[in-house]
Amino acid sequence: MKKVDAIIKPFKLEDVREALSALGITGMTATEVKGFGRQKGHTELYRGAEYVVDFLPKVKIELVVKSEQLDACVEAIINAARTGKIGDGKIFVSNVEKVVRIRTGEEDEAAI
């Protein structure tokens, strides 16, 4: 099993959710986060004063998938989240040792 963490632009969340649902991946957690990478923020003008916005709004998606679903999952996120502009985000993949569904006690792939 693999855990996929994806940092994407907020307006792409629904597109990514639909792309993953088409693969049969239904469970995910989405969190509103702030951060920056190569974008390094930007400057904005407010009431005549210029100020720097260092941290930009992003959405972090977390999901656990079976190992054989990983490549299709990553590809779906890339295709749905890509705008071709800086700040599209990143995907991180890590191993998952164990999963337990609290309600039923199911473990590992049965609990996904």
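Helices, of at least four residues, and strands, of at least two, are taken here as DSSP runs numbered from the N terminus. On that basis, Lys9 falls in the loop between strand 1 and helix 1. The model described is a predicted one.

The protein chain contains 2 helices and 6 strands. In sequence order, these elements follow the pattern β-α-β-β-β-β-α-β. The C-alpha trace extends over about 60 × 25 × 20 Å along its principal axes. The radius of gyration of the protein chain is 17 Å, whereas a compact globule of 112 residues would have a value near 13 Å. The accessible surface amounts to about 7,600 Å². Carbon and sulfur atoms account for 51% of that surface. Of the 112 residues, 27% count as buried. Contacts between residues at least 6 apart in sequence were also examined; 71% of them join residues at least 24 apart.

An open sheet is formed by 4 strands, in the order 2-5-1-6. The pairing in this sheet is antiparallel. From one strand to the next, the twist averages 20 degrees. Strand 1 (residues 2-8) and strand 6 run antiparallel and are joined by 7 bridges. Within this pair, Ala6 has Ile91 of strand 6 as its bridge partner.

Both helices make contact with strands of the sheet. Helix 1 (residues 13-22) lies across strand 1, strand 2 and strand 5 (56-65). The angle between helix 1 and strand 5 is about 15 degrees. Helix 2 (residues 70-81) packs on the sheet and touches strand 1, strand 5 and strand 6. The direction of helix 2 makes about 5 degrees with that of strand 1.

In soluble globular proteins, nonpolar side chains tend to be buried together. The largest nonpolar core of this model has 16 residues. Val16, Leu20, Leu63 and Cys73 have the most contacts inside it. At least two residues of this core come from each of strand 1, helix 1, strand 5 and helix 2. Helix 2 gives the largest share, with 6 residues. The surroundings of Leu20 illustrate the packing. Neighbours within four places in sequence aside, Leu20 is in contact with Ile25, Met28, Leu63, Cys73, Ala76 and Ile77.

Two further buried positions were examined. Lys9, in the loop between strand 1 and helix 1, has a relative accessibility of 13%. Buried means under 20%, so Lys9 counts as buried.

Gly35 lies in strand 2. The relative accessibility of Gly35 is 16%, and this residue therefore also counts as buried. With residues up to four places away in sequence again left out, Gly35 touches Asp54, Phe55 and Leu56. Gly35 and Asp5 are 30 residues apart along the chain. The C-alpha atoms of these two residues are separated by 14 Å.

Key:
Residues are numbered from 1 along each chain as its sequence is written. This is a predicted model: local features need pLDDT of at least 70, side-chain atom pairs count only at pLDDT 80 or more; totals for chains, interfaces and linings use all residues. Side-chain values use heavy atoms; hydrogens and water are left out. Two strands pair if DSSP finds at least two bridges between them. Axes are lines fitted to C-alpha atoms, for helices over the stretch in contact, and angles run from 0 to 180 degrees between N-to-C directions. Contact means heavy atoms within 4.5 Å. Buried means under 20% relative accessible area, exposed over 50%, partly exposed in between (1.4 Å probe, protein chains only). The radius of gyration is taken over C-alpha atoms; the globule rule is 2.2 Å times the number of residues to the power 0.38. Accessible areas come from the Shrake-Rupley method with a 1.4 Å probe; for residues, only the protein chains shown count as cover. A nonpolar core is a set of buried Ala, Val, Leu, Ile, Met, Phe, Trp, Tyr and Cys residues joined through side-chain atoms within 4.5 Å.
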